[in-house]
Amino acid sequence: MILPIVAFGAPILRKKCSDISEDYPEFNSILSNMWETMYEANGVGLAAPQINRDIRLFLIDTTPFFEEEEEEEEEKKRNEIIVKQAFINARILEESGDEWEFNEGCLSIPDLREDVSRKSIIKIEYLDENFKKHIKTYDGLTARVIQHEYDHINGILFTDKLTALRKRMIKGKLIDISKGKVSAKYKMRFPR
Ligand SMILES: [Zn+2]
């Protein structure tokens with residue numbers, strides 16, 4: 001089932017989310033609805049607060065970042081880089097490497113993209129969809145998508161990371177989004 005994506009301005013996007021256990025009600029349907037909702041909106045990541053749940057759950061699928069590499073011999077390499085994974089109760093243990101800028105967007109903030117600077121390597125502990133624990137290191141675009149989604153479960157949005165000047169410049173646009181004055185190609189839920 002496709003769920004509406006919560007827009008900027010909703011209090012749930014500012015909550016520090018809670019860990020869940022294996023017996024969380026309707027976990028499997030929440031998870032499959034989130035995958036469906038993310039793909040419908042052409043996203044590479046989706047966090048639970050964006051579908052109005054304050055739980056530590058997010059998904060990523062980095063396939064679109066690597067789709068353009070069509071060389072057949074590149075296919076094996078590509079499959080190694082693509083990460084399609086649910087992260088439950090995630091904790092970033094370490095961020096390292098150089099800061100680099102990447103133009104980020106967010107399904108909760110349609111039609112707005114800004115360069116955001118983050119460290120390039122992360123080490124993360126999480127449970128997979130079977131509640132099996134993993135500790136993994138990611139870099140590049142995969143690390144970037146995880147950092148963005150991980151921020152969501154801590155109530156942080158990419159617009160928080162901009163300079164004071166950029167924040168002032170996009171303020172009006174963010175207010176418009178919170179009021180529903182934006183056209184997204186997917187279903188959204190607006191706070192006012
Ligand atoms: Zn986002």
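Buried means under 20% relative accessible area, exposed means over 50%, and partly exposed lies in between, with a 1.4 Å probe and protein chains only. By that criterion Asn89 is buried, with a relative accessible area of 13%. This is a predicted model, in which local features need pLDDT of at least 70 and side-chain atom pairs count only at pLDDT 80 or more, while totals for chains, interfaces and linings use all residues. Residues are numbered from 1 along each chain as its sequence is written, and side-chain values use heavy atoms, with hydrogens and water left out.

**Zinc site**

- Cys106 (SG), His148 (NE2) and His152 (NE2) coordinate the zinc ion at 2.0 to 2.2 Å. Donors are N, O and S atoms within 2.8 Å of the metal (3.2 Å for Na, K and Ca); water is not among the atoms, so sites may look incomplete.
- Along the chain, the donors of the zinc ion follow the spacing C-x41-H-x3-H. Distant parts of the chain are linked in this way: Cys106 belongs to strand β4 (residues 84–106) and His148 to helix α4 (residues 140–152), 42 residues apart. Helices (H or I, at least four residues) and strands (E, at least two) are DSSP runs, numbered from the N terminus.
- Cys106 is buried, with a relative accessible area of 9%, and His148 is buried as well, at 8%.

**Helix α4**

- The 13 residues of α4 should span 18 Å at 1.5 Å a residue, and its end C-alpha atoms are 19 Å apart, which agrees. The expected span is 1.5 Å times one less than the number of residues in the helix.
- Eleven of the 13 residues of α4 are buried, so the helix is largely enclosed by the rest of the structure. Among them are Arg144, Gln147, Glu149 and Asp151, together with His148 and His152.

**Helix α5**

- Helix α5 (residues 164–178) has 15 residues and reaches 20 Å from its first C-alpha to its last, close to the 21 Å expected at 1.5 Å a residue.
- A kink of about 45° in α5 is centred on Ile170; the bend at a residue is the angle between axes fitted to the seven residues ending there and the seven starting there.
- Ile170, Leu174, Ile177 and Ser178 are the buried residues of α5, and what covers them includes β5 (109–127).
- Gly180 follows α5 and has a positive phi, near 90°.

**Loop residues**

- Gln50 lies in the loop between β2 (45–47) and β3 (57–61) and is buried, with a relative accessible area of 1%.
- Contact means heavy atoms within 4.5 Å.
- Ala41 lies in the loop between α1 (27–40) and β2 and counts as buried at 9% relative accessibility.
- Leaving aside neighbours within four places in sequence, Ala41 is in contact with Ile5, Leu107 and Tyr186. Ala41 and Gly172 are 131 residues apart in sequence and 24 Å apart in space, C-alpha to C-alpha.

**Backbone angles**

- Most residues other than glycine have a negative phi.
- Asn89, in strand β4, has a positive phi, near 50°.
- Asp111, in strand β5, has a positive phi of about 65° although it is not a glycine. Asp111 counts as exposed at 54% relative accessibility, whereas Asn89 is buried.
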